[in-house]
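Work through the exercises below with the model open. Each task is followed by a stepwise solution.

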Amino acid sequence: MASVGLDIGNGFVKCFSDGLSISFPSLFVKNNDSQWDGKKSKNLVGYDAVNIADDPGVNTIKPSISGDILDSHGYGEFILKSLNTVQKNTPISEIHIVSGIPFSSKHLKEKILKFFNNMGAKKCTVLPQAYGTLYEYGGTGSVINIGHGTVEMMICKNHRIISGQSLNAGIMNITKNLDCSDAGYTRNNFLDNIDEKILKIAVSDTASYIANKYRQMMMGFNEDKLIISGGGILFHGMENALKKARVGKFTIPENPAMSNARGLFQYGINRE
């Protein structure tokens, strides 16, 4: 049985298995059978969807927000694209999918499990997404995972979840206020036309909010190992802003955007 770590975020889908990984935007363009020219459009996901997202008449959607399944077709396409990359020659009936969702989305666990079971997965496990990062670092410590939609915070002791929370303070909150289009955040130059001072203030405010919430969560705990993961730590000035906000000494994984998926994969491997 193969293991796959899957982290479907608001901004990007991340998947890892056996040294192979894939990351692509959490965007989906549905098939439109009503085109007058008679041509049948394709279902597109990830960067293929981004390439036509700004075309007239194109309906680009996010099949998943905060862990929930809003469009089952698009969500399924995310999973298939991921598995076809990291476990191309393994049928889903032989795969253990370990999927991460936001800490505050525990109520969605059964819904996600049912979806994977209906797709025919051999085994399914749903965990708080940031647990993957802590699992990779030994299962003891705290983590701040800065994603596109949410910021996840957790404390673990010997692989046991002690406390955690989800904050609506992801990078999307910065880019949304800076008038970026739905797909704009995926493009390398999307910050080029934004005033540097405005961007710096927005990042600083977000970092201060994150640091304050983290200090509140850690009251009464002596654990001093902090890992900051998620693609948001690589966002414009975020690392330095967190240091100035005195979040404390922290470690950043080598590939912070993939660390949740990588740890979830390892969790699955150890339970085969």
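**Strand pairing and packing in a predicted model**

β9 and β10 pair in the parallel sense over six bridges. The model is a predicted one.

**Exercise 1.** Find the bridge partner of Ser99 in β10, then state the hand of the unit that β9, α3 and β10 make.

Solution. Step 1: go to Ser99; its bridge partner in β10 is Val126. Step 2: follow the chain from β9 over α3 to β10; the β-α-β unit is right-handed.

**Exercise 2.** Trace the pairing of β9 with β1.

Solution. Step 1: take β1 (residues 2-8) and β9 (residues 95-101); they pair in the parallel sense over six bridges. Step 2: locate Ser3, whose bridge partner in β9 is His96. Step 3: move to Gly5, which stands opposite Val98 in β9.

**Exercise 3.** Give the strand order of the open sheet and name its edge strands.

Solution. Step 1: the five strands run in the order β3-β2-β1-β9-β10, with mixed pairing. Step 2: β3 (20-25) and β10 (123-128) each pair on one side only, and these are the edge strands. Step 3: neighbouring strands are turned by 15 degrees against each other on average, direction ignored.

**Exercise 4.** Which helices pack on β9, and are its faces buried or exposed?

Solution. Step 1: helix α3 (residues 109-119) packs on the sheet and touches β1, β9 and β10. Its direction makes about 150 degrees with that of β10. Step 2: helix α8 (residues 259-269) lies across β1, β2 (12-17), β9 and β10. Helix α8 runs at about 150 degrees to β1. Step 3: check one side of β9; Ile95, Ile97, Ser99 and Ile101 are buried. Step 4: check the other; His96, Val98 and Gly100 are buried too. Seven of the seven residues of β9 are buried.

Definitions and conventions: Residues numbered from 1 in each chain as written. Predicted model: local features only at pLDDT ≥ 70, side-chain atom pairs only at ≥ 80, totals over all residues. Heavy atoms only, no water. Pairing = 2+ DSSP bridges. Helix = DSSP H or I, 4+ residues; strand = E, 2+ residues; numbered from the N terminus. Axes fitted to C-alpha atoms, helices over the stretch in contact; angles between N-to-C directions. Contact = heavy atoms within 4.5 Å. Buried < 20%, exposed > 50% of the residue type's maximum accessible area, 1.4 Å probe, protein only. Right-handed = clockwise from strand over helix to strand, strands pointing away.
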